[in-house]
Amino acid sequence: MPQEQSDWLRVPVGDEARRWASRGRCRRVLLVVHNVTSATRLLDVLPLFRDDLRVQLLATCTGSSPFQAGTAELLHGLGIPVLPWEQALATPVDLAIAASFGGQLPEISGDLTVLSHGVGYNKKLASREPGAGSREPGAGVFGLSEEWLLAGGRPVADVMVLSHPEQLARLRAACPEAASTAVLAGDPCYDRLLAAAPHRGRFRRALGVRREQRLVLINSTWNPEALFGDGGSDVLPRLLPALTAELPADEYRVAAVLHPNIWHGHGPGQIRMWLDGARRAGLALVDPLHDWRQALIAADLVLGDFGSVSYYAAALRTPVLLGATHLPGLGADSPVADFVRRAPRFDPHAPLRPQLTRVLTAHEQAPADPAEFVSSDPGRSAELLRRTFYSRIGIPEPAGRALLDPLRTPAYDPPRRTAPMQVVTQVTGPGEVSVTRHAGLDAEPVAGGQAHTAVHEDTLDPSHLSLADVVLRHGEPDDPRFGPPTQWAAEVLARHRHCALAAYVTGPGSCIAVSRGRAPLLLTAREQDAADPAAYASALHAWLASGKELAELDGVLAVRTGTAVHRVEVAEEVSRR
């Protein structure tokens, strides 16, 4: 075997594969991955081959994309044989499926079907073979121009899957030579979104979104001119502080979905470092491969840009505020360009909250319904795609319905705020306290309100604990590292003499609070998905600091956050020993 072939697979393909493979008569289907982004669409359609003993799945990576990081790990996680690119080109296959262009696709030894990895074809991208290069205003639309679709004057793909007839019209105008390869087969990503929409409530709860809270989803595509980019006006330095300074923690939950090319282009560790302060203030970073669609379904508003995710949000009838537009980078006659021209804009120099409120209440949306141009056959992509794939393989489809995988329910990921909280409270009536919390120490008390500081014990700067009126911890009540919550509270009060109350949050609706010189109390919300128990602790502190007595509560403290009122039972806690 030549040295350059030493890493080639011998099973289930190769010169001697028939000798070693248990099922060596299978038809071969090759998944051609360019990067993590294109792999997401291939993962959408992978289940269409489930239970078919006649098909052997294979995978390979073209190596042509600049965004190679994360691809090898993803392919390894698929658990199907991964061929080196040179072996993939030399191995005859019955069907190859790609979700991008670029690389040596014309050299594949088999029938090639190409899918879009976004919401159709909208963005301009100049070819820089070998590899996809940079976006340029003068470039053609990626996937709809000759430089991507033709090789030697012939179509690169045997089948080009489109999701809507408007794409076919643009294809005929831009590259008529490839028009005959087009097949309309819907959008599997959109179909998975639609199928999972009834589970919106559980997706919100997975992100720790409380009753009456609004989930603001920050979204950015990859690009210097995108929301996360620094090639345009670079709004991030103003947006990130505004998210915590202007949005009360108990009225808003904030999460971010970043394009995989951002994650893997700069590195997940670097992304977390850039957003460390925002994460400590409560920002959730959503898995860009498996969980972004669930976050999109859960969102009340998307603050995004000209990428596919913002357009999918609009198609789901979710209000969208655009923080970056970059129309020169879009095909002028594409649906996304039309949407970007009409959608409301975020002004980084104006207060954030009024802009969100205006979009949420008015639901400013383009007159044309974006959903109209996402798919010509909503809910039917599995059926249409499987029919297309098997017709190219040349064997009958399996019996039974063609079905895509349902979206998974993400792991529970409530906000973990370790940044100091500036809390403004006001006793608003008998047994009622209003609480407004912001991450950071620069919030000004409202008229008639009193301010105090609540600090998590795991705060980044330990010096903040010496200034804390309330010290917090989250954990299981029987965690042996901290002892019983009452013991932990006693140690905190002894260590931090300025602290008036220590609160150990034991679950989504309860905490144990110990005020200096008083017996431990158990605070328990009566309603599910009520406010953060740390807000109950601040309300109790405010009640006692105002000179009120526990007896006046009659066992129930009403905590007001925004327009919501939460009934919290207050009872003596029996310490667990």
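In what order do the five strands of the open sheet stand, and is their pairing parallel or antiparallel? The order is E12-E11-E10-E13-E14, with parallel pairing; two strands count as paired if DSSP finds at least two bridges between them. Strands (E, at least two residues) and helices (H or I, at least four) are DSSP runs, numbered from the N terminus.

This is a predicted model, in which local features need pLDDT of at least 70 and side-chain atom pairs count only at pLDDT 80 or more, while totals for chains, interfaces and linings use all residues. Residues are numbered from 1 along each chain as its sequence is written, and side-chain values use heavy atoms, without hydrogens and water.

Strands E12 (284–285) and E14 (320–322) stand at the edges with a single partner strand each, so one side of each has no neighbour in the sheet. Strand E10 (residues 214–220) runs parallel to strand E13 (residues 301–304), and three bridges join them. Valine 216 lies opposite leucine 301 of E13.

Two helix pairs are listed below. Axes are lines fitted to C-alpha atoms over the stretch in contact, and angles run from 0 to 180 degrees between N-to-C directions.

| Helix pair | Angle | Axis distance |
|---|---|---|
| H2 (residues 36–45) and H7 (residues 188–196) | about 65° | 9 Å |
| H14 (residues 308–315) and H15 (residues 335–342) | roughly 75° | within 11 Å |

H14 is therefore roughly perpendicular to H15, a term for angles of 65 to 115 degrees. In contact (heavy atoms within 4.5 Å), Ser310, Tyr311 and Ala314 of H14 meet Pro335, Val336 and Phe339 of H15. Arg41, Asp44 and Val45 of H2 meet Pro188, Cys189 and Arg192 of H7.

Methods. Angles under 35 degrees count as roughly parallel, over 145 as roughly antiparallel, 65 to 115 as roughly perpendicular and the rest as oblique.
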